[in-house]
Amino acid sequence: MTRYAELKYRIVTPFQRRVGNPVLRRLPMQTVLETTGRKSGLPRRTPVGGRRVADSFWLVSEYGERSQYVRNIRADARVRVRIRGRWHSGTAHLLPDDDPRARLKTLPRLNSAAVRAVGGRLLTVRVDLED
C-alpha cells in the first residue's frame, strides 16, 4: 500500500468505526452486512453499498483484506445482509480474481464513488443469498 493510501486508511477507518458506521447501520433502508466476529463470536454489522442481482448480493470492500468484515468472512463465510429493511441469510465469497473497478461500475454510483475515493486495495465480495 502506498504511503498516501496508508494515510487515508489511518484517517478514514477510525472515523467510520466511531461515527459513520454506528449512524448508518441504524437507518432502516441502509444495506447492512452482518458477519460473525472471528475472535468474539458476536454479530458484527457494517453498512455497505452494493446491489442485489438475482440470488446474489455484490459489493466491493474498499480496503480489501484489511477490512474487518473481510477478515470475519475468511473465518466464517455465513453472513446476513439487510436489503431494503429485510434480512437475508447467505454465504459470502471473496473474489480476488474479479476486477473490482469494473464491478464498481455495476453498483450504485454514490457508494462506488466513495469506495474509489477512499479505498486502497479493492476486493469484490459476492454473497449467495438463500432466501
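Which residue forms a salt bridge with R78, and how far apart are the closest N and O atoms? The views below start there. This is a predicted model, where local features need pLDDT of at least 70, side-chain atom pairs count only at pLDDT 80 or more, and totals for chains, interfaces and linings use all residues. Residues are numbered from 1 along each chain as its sequence is written, and side-chain values use heavy atoms, with hydrogens and water left out.

**View 1. R78 meets E130.** The partner of R78 is E130, and their closest N and O atoms are 2.6 Å apart. This pair links distant parts of the chain, 52 residues apart: R78 belongs to strand β5 (residues 78-83), while E130 sits in the segment after β7 (123-129). Here a salt bridge means a side-chain nitrogen of Lys or Arg within 4 Å of a carboxyl oxygen of Asp or Glu. Strands (E, at least two residues) are DSSP runs, numbered from the N terminus. R78 is partly exposed, with a relative accessible area of 39%, whereas E130 is exposed at 51%. For these words, buried is under 20% relative accessible area, exposed is over 50%, and partly exposed lies in between (1.4 Å probe, protein chains only).

**View 2. R74 pairs with E65.** The closest N and O atoms of this salt bridge are 2.8 Å apart. R74 is exposed, with a relative accessible area of 55%; E65 is partly exposed, at 38%.

**View 3. R103 has two neighbours to look for.** R103 forms a salt bridge with D98, with 2.9 Å between the closest N and O atoms. D98 is partly exposed, its relative accessible area being 21%. R103 also lies over the face of W58, at 3.7 Å from the ring centre. A charge counts as over a ring if NZ of Lys or CZ of Arg is within 6 Å of the ring centre and within 35 degrees of the ring normal.

**View 4. R80 joins a network and a ring.** Salt bridges link R80 with E34 and R45 in a network. R80 also lies over the face of W87, 4.2 Å from the ring centre. In total, the structure holds 7 salt bridges.

View 5. Strand β1 (residues 32-36) and strand β2 (residues 43-47) run antiparallel, joined by 5 bridges; two strands pair if DSSP finds at least two bridges between them. Follow L33 across to its bridge partner in β2, T46. The hairpin has 6 residues between the strands, and G41 takes a positive phi near 80°.

Terms used:
Helices (H or I, at least four residues) and strands (E, at least two) are DSSP runs, numbered from the N terminus.
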